[in-house]
Amino acid sequence: MLKIVFMGTPDFARDSLSALVEKGHNILSVVTTPDKQKGRGMKVIPSPVKEYATQKKLDIKQPEKIRNNDEFINEIKKLNPDLICVVAYGKIIPEEILDIPKFGCINVHPSLLPKYRGAAPIQWAIINGDKETGVTTMYMDKGMDTGDMILKQKVSIENDETSGELWDRLSKIGAKLLIETIEKIENGTVTREKQSNDFSMAPMLNKEMAKIDWKNKSAVEIKNLVRGLNPIMGAYTFKDDKKIKFWKVDTIKDNINENIENGTVVKSNEKEGLFIKAKDGILSVLEIQGENSKKMNIRDFLRGNKIEVGYKFI
């Protein structure tokens, strides 16, 4: 068995760590990000990877930074790992660490490289309306997701699938591919494939891009934005200067007066729901969240919140 250092943070990475433990791999140490304060009570919450590593009594390291951190780098050198496995760690790995293990550093990346490089490939695949995506295992180098590819597995993206649902599916696939990749490294059958330069960037998400553009975006594009930002932040619009988030919507192909401005409510009642004119179609809102409120079914929302036909969202 190879001696492995594992680096990861969210539940996506926890599935890969769990697979390594279940296979009996020699985990020298688990590196994850520091605990964070969350919620109204600012309670200190460990990462999902730390929670799992604590349960399994694994050695845990939580450096504030890994770049220009000689103390941490020397700790990893002393461990003398054969392999470092990185899964959604959340920080760029410097060359000083990449050069330590005998068999290099490998990464589980949730896209079909080189399709999407960067921090949010799952979300951007949905936002962009892609019909398929997948997982790639790869050797890491100093570039951003530019290393040689090892294994890939494709999956179809369902029409109503959210980024959260796709995230869960890909995390299981990523864990399986990681085990297969390590087996190939161990028995000397691993192959390397260079990436082409035909790639797209998947940058971090921000609040500005989450605002619905009623004027220019089609109903399908708005639906994809809503799906892609669920459950991370939610796509939003404004009504009477108050932010409203849409968590689930659908599109309806219907003949409608094109003179009606996009963003205009064309039907609104608690029996049928909320329907909004968009470019090339109508958006049916299914799950909504008012400002300082909780998510709720649109019919429940409309029982206590009036949205008039003819109102224009901005």
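N292 lies in the loop between β16 (281-289) and β17 (295-297). N292 has a positive phi of about 55 degrees, although it is not a glycine. At 80% relative accessibility, N292 counts as exposed. Here buried means under 20% relative accessible area, exposed over 50%, and partly exposed in between, with a 1.4 Å probe and protein chains only. Helices (H or I, at least four residues) and strands (E, at least two) are DSSP runs, numbered from the N terminus.

The model is predicted: local features need pLDDT of at least 70, side-chain atom pairs count only at pLDDT 80 or more, and totals for chains, interfaces and linings use all residues. Residues are numbered from 1 along each chain as its sequence is written, and side-chain values use heavy atoms, with hydrogens and water left out.

Now the overall picture. The protein has eight helices and 17 strands. Its C-alpha atoms fill a box of roughly 70 × 45 × 35 Å, taken along the principal axes. Of the 314 residues, 50% count as buried. Contact means heavy atoms within 4.5 Å. Among contacts with a separation of 6 or more, 66% come from residues 24 or more positions apart.

Next comes the interior. In soluble globular proteins, nonpolar side chains tend to be buried together. A nonpolar core is a set of buried Ala, Val, Leu, Ile, Met, Phe, Trp, Tyr and Cys residues joined through side-chain atoms within 4.5 Å. The largest such core has 70 residues. Those with the most contacts inside it are F6, I106, I182, F246, L274 and I288. Helix α6 supplies the largest share of this core, nine residues. Take I182 as a way in. Leaving aside neighbours within four places in sequence, I182 is in contact with L2, I4, L20, H25, L83, C85 and I106.

How does α1 meet α6? Helix α1 and helix α6 (residues 163-187) pack at an angle of about 35 degrees, with their axes 8 Å apart. Axes are lines fitted to C-alpha atoms, for helices over the stretch in contact, and angles run from 0 to 180 degrees between N-to-C directions. The crossing of α1 past α6 is right-handed. A crossing is right-handed if the near helix is turned clockwise from the far one by less than a right angle, and left-handed if anticlockwise. On the α1 side, the contact is made by D11, F12, D15, S16, A19 and L20. On the α6 side, the contributors are W167, L170, S171, K172, G174, A175, L178, I179 and I182. The residues of this contact divide into nine nonpolar, three polar and three charged. Ala, Val, Leu, Ile, Met, Phe, Trp, Tyr, Cys and Pro count as nonpolar, Asp, Glu, Lys and Arg as charged, and the others, Gly among them, as polar.

Helix α2 (residues 48-55) has V49, K50, Y52 and A53 as its buried residues. They cover an arc of only 165 degrees around the axis, so they sit on the same side of α2. The arc is that of the directions from the helix axis to the C-beta atoms. These buried residues pack against β1 (3-8), α1 (11-22), β2 (26-31) and β5 (60-61).

Backbone geometry holds further details. Most residues other than glycine have a negative phi, and most peptide bonds are trans. Just after α2, K57 takes a positive phi of about 60 degrees. N80 has a positive phi of about 55 degrees although it is not a glycine. N80 is found in the loop between α3 and β6 (83-87). At 45% relative accessibility, N80 counts as partly exposed. Two cis peptide bonds can be located as well. One runs from L113 to P114, with omega near 5 degrees. P114 is in the loop between β7 (105-109) and β8 (116-117). Another runs from N230 to P231, with omega near 15 degrees. P231 is in the loop between α7 (219-228) and β12 (235-239).

K77 is found in helix α3 (residues 70-79). K77 is partly exposed, with a relative accessible area of 47%. The C-alpha atoms of K77 and I97, 20 residues apart along the chain, are separated by 8.3 Å. S156 lies in strand β10 (residues 149-156). S156 is partly exposed, with a relative accessible area of 46%. Not counting residues up to four places away in sequence, S156 touches K131, E132, E161 and R169. The C-alpha atoms of S156 and K131, 25 residues apart along the chain, are separated by 5.9 Å.
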